[in-house]
Amino acid sequence: MTDINSHHVMGLASALRNQLSQPDPYSETISCREVRVGLPINRSEEERQLEPRERPLSQDIGTLCAGIAASPTDKEGENGALLKICSQKTLDELLIKYLAVDDDYLKSMPEHWEDCGKV
């Protein structure tokens with residue numbers, strides 16, 4: 001069931017990106033980018049030790065989405081862009097590109113993810 005849903009969402013995102021890549025005076029205030037994450041989740045303890053992350057992946061993705069939402073949409077080719085994240089390096093580069101930083105006013109995320117081994 002999740003495969004069907006994810007394929008539908010990918011199709012919708014593709015249609016939105018295609019629509020926004022064409023000039024349209026009515027869509028100037030709409031910002032649409034698709035973020036596809038290809039990093040492993042629910043890694044074993046051994047995998048986490050081999051490739052540790054500074055923060056939970058979900059926190060980085062949330063921070064990136066906030067940075068994307070806050071970024072200006074007038075950059076050439078940015079609106080409707082597909083962002084593929086297949087490595088931690090790519091994710092870190094996108095966090096820098098979109099000036100995505102953690103909100104210092106918020107408390108840190110619960111540390112439950114460390115205890116469960118679900119990073």
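A salt bridge, as the term is used here, is a side-chain nitrogen of Lys or Arg within 4 Å of a carboxyl oxygen of Asp or Glu. By this rule, the count in the structure comes to 5 salt bridges. The structure is a predicted model, in which local features need pLDDT of at least 70 and side-chain atom pairs count only at pLDDT 80 or more, while totals for chains, interfaces and linings use all residues. Residues are numbered from 1 along each chain as its sequence is written, and side-chain values use heavy atoms, with hydrogens and water left out.

The predictor's confidence in each residue, pLDDT, runs from 0 to 100, and the chain averages 77, with 66% of the residues scoring at least 70. Confidence is highest in helix H4, at a mean of 94, and lowest in helix H5 (residues 112-116), at 52. Where pLDDT is low, the predicted coordinates should not be read in detail.

The chain has 5 helices and 2 strands, where helices (H or I, at least four residues) and strands (E, at least two) are DSSP runs numbered from the N terminus. Read along the sequence, these elements follow the pattern α-β-α-α-β-α-α. Of the 119 residues, 29% count as buried; buried means under 20% relative accessible area, exposed means over 50%, and partly exposed lies in between (1.4 Å probe, protein chains only).

Strand S1 (residues 34-37) pairs with S2 in the parallel sense over 4 bridges, pairing being assigned if DSSP finds at least two bridges between two strands. Within this pairing, valine 37 has isoleucine 85 of S2 as its bridge partner. In a regular strand the side chains alternate between the two faces of the sheet.

Helix H3 (residues 57-70) has 14 residues and reaches 20 Å from its first C-alpha to its last, close to the 20 Å expected at 1.5 Å a residue, the expected span being 1.5 Å times one less than the number of residues. Its buried residues are Leu57, Gln59, Asp60, Ile61, Thr63, Leu64, Gly67 and Ile68. What covers them includes S1, S2 and helix H4 (88-97), where contact means heavy atoms within 4.5 Å.

Side chains of opposite charge can pair when their charged atoms come close. Glutamate 34 forms a salt bridge with arginine 36, the closest N and O atoms being 2.7 Å apart; glutamate 34 is buried, with a relative accessible area of 8%, while arginine 36 is partly exposed at 28%. In helix H4, lysine 89 and glutamate 93 lie 4 residues apart, about one turn of the helix, and their side chains meet in a salt bridge (3.9 Å, N to O). Lysine 89 counts as exposed at 60% relative accessibility, and glutamate 93 is partly exposed, with a relative accessible area of 43%. Elsewhere, salt bridges that share partners join Glu54, Arg55 and Asp60 into one network, in which the side chains of arginine 55 and glutamate 54 meet at 3.4 Å, N to O.
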